[in-house]
Amino acid sequence: MRWFKELRKGQKILLLINAVLIIALFILAFSGIGHGELFAVGFIIGFFNIISIIYARSLFKFGIDINTENAGDNVEPSEIKYMDWYIKWGFSTLAEIAAIIIGLVIKE
């Protein structure tokens, strides 16, 4: 659980919200209520969003190591990079919520 402690507070909150949404989408997809296809799309978006949140810093460091020489282990993303990530993760979370709402509202 060391990786969870290293995440920022915003990342932890988004990770937990996405985990709850994925569980809800999984249950809705197999319950027969609404459009299962939309729930599956939301599930996939949420799954990749969680992977992106967990590995964001590692992938950033990997990209820096590839593009520069002698980058070192203490390279950290800037606040602007974190803001960019939060915007992307936030919109992905909104897309999951939209998949739930549209899947429940639209009749088959």
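Tutor: A residue counts as buried under 20% relative accessible area, as exposed over 50%, and as partly exposed in between (1.4 Å probe, protein chains only). The structure above is a predicted model, in which local features need pLDDT of at least 70 and side-chain atom pairs count only at pLDDT 80 or more, whereas totals for chains, interfaces and linings use all residues. Residues are numbered from 1 along each chain as its sequence is written, and side-chain values use heavy atoms, with hydrogens and water left out.

Student: What percentage of the residues of the chain count as buried?

Tutor: The chain has 108 residues, and 26% of them count as buried.

Student: How many helices and how many strands does the chain have?

Tutor: Helices (H or I, at least four residues) and strands (E, at least two) are DSSP runs, numbered from the N terminus. Here the chain has four helices and zero strands, so that its elements, read from the N terminus, are α-α-α-α.

Student: At what angle do helices H2 and H4 pack?

Tutor: Two packed helices are described by the angle between their axes and by the distance between the axes. The axes are lines fitted to C-alpha atoms, for helices over the stretch in contact, and angles run from 0 to 180 degrees between N-to-C directions. Helix H2 (residues 9–31) packs against H4 at about 20°, and their axes are 11 Å apart. H2 is therefore roughly parallel to H4, a term for angles under 35 degrees. The crossing of H2 and H4 is left-handed, which means that the near helix is turned anticlockwise from the far one by less than a right angle.

Student: How many salt bridges does a search of the whole structure find?

Tutor: A salt bridge requires a side-chain nitrogen of Lys or Arg within 4 Å of a carboxyl oxygen of Asp or Glu. The search finds two salt bridges. One joins Glu 79 to Arg 8, with the closest N and O atoms 2.9 Å apart. This pair links distant parts of the chain, 71 residues apart: Glu 79 belongs to helix H4, and Arg 8 to the loop between helix H1 (2–6) and H2. Glu 79 counts as exposed because its relative accessibility is 54%, while Arg 8, at 29%, counts as partly exposed.

Student: Which residue forms a salt bridge with Asp 84?

Tutor: Asp 84 pairs with Lys 88, and their closest N and O atoms are 3.3 Å apart. Both residues lie in helix H4, separated by four residues, about one turn of the helix. With a relative accessible area of 27%, Asp 84 is partly exposed; Lys 88 is also partly exposed, at 48%.

Student: How far apart in space are Arg 57 and Tyr 82, C-alpha to C-alpha?

Tutor: They are 9.4 Å apart in space and 25 residues apart in sequence. Arg 57 is in helix H3 and is partly exposed, with a relative accessible area of 27%. Helix H3 (residues 36–67) also holds Glu 37, whose C-alpha atom is 9.3 Å from that of Ala 99, 62 residues away along the chain. Glu 37 is exposed, at 57% relative accessible area.

Definitions and conventions:
Parallel < 35°, antiparallel > 145°, perpendicular 65-115°, else oblique.
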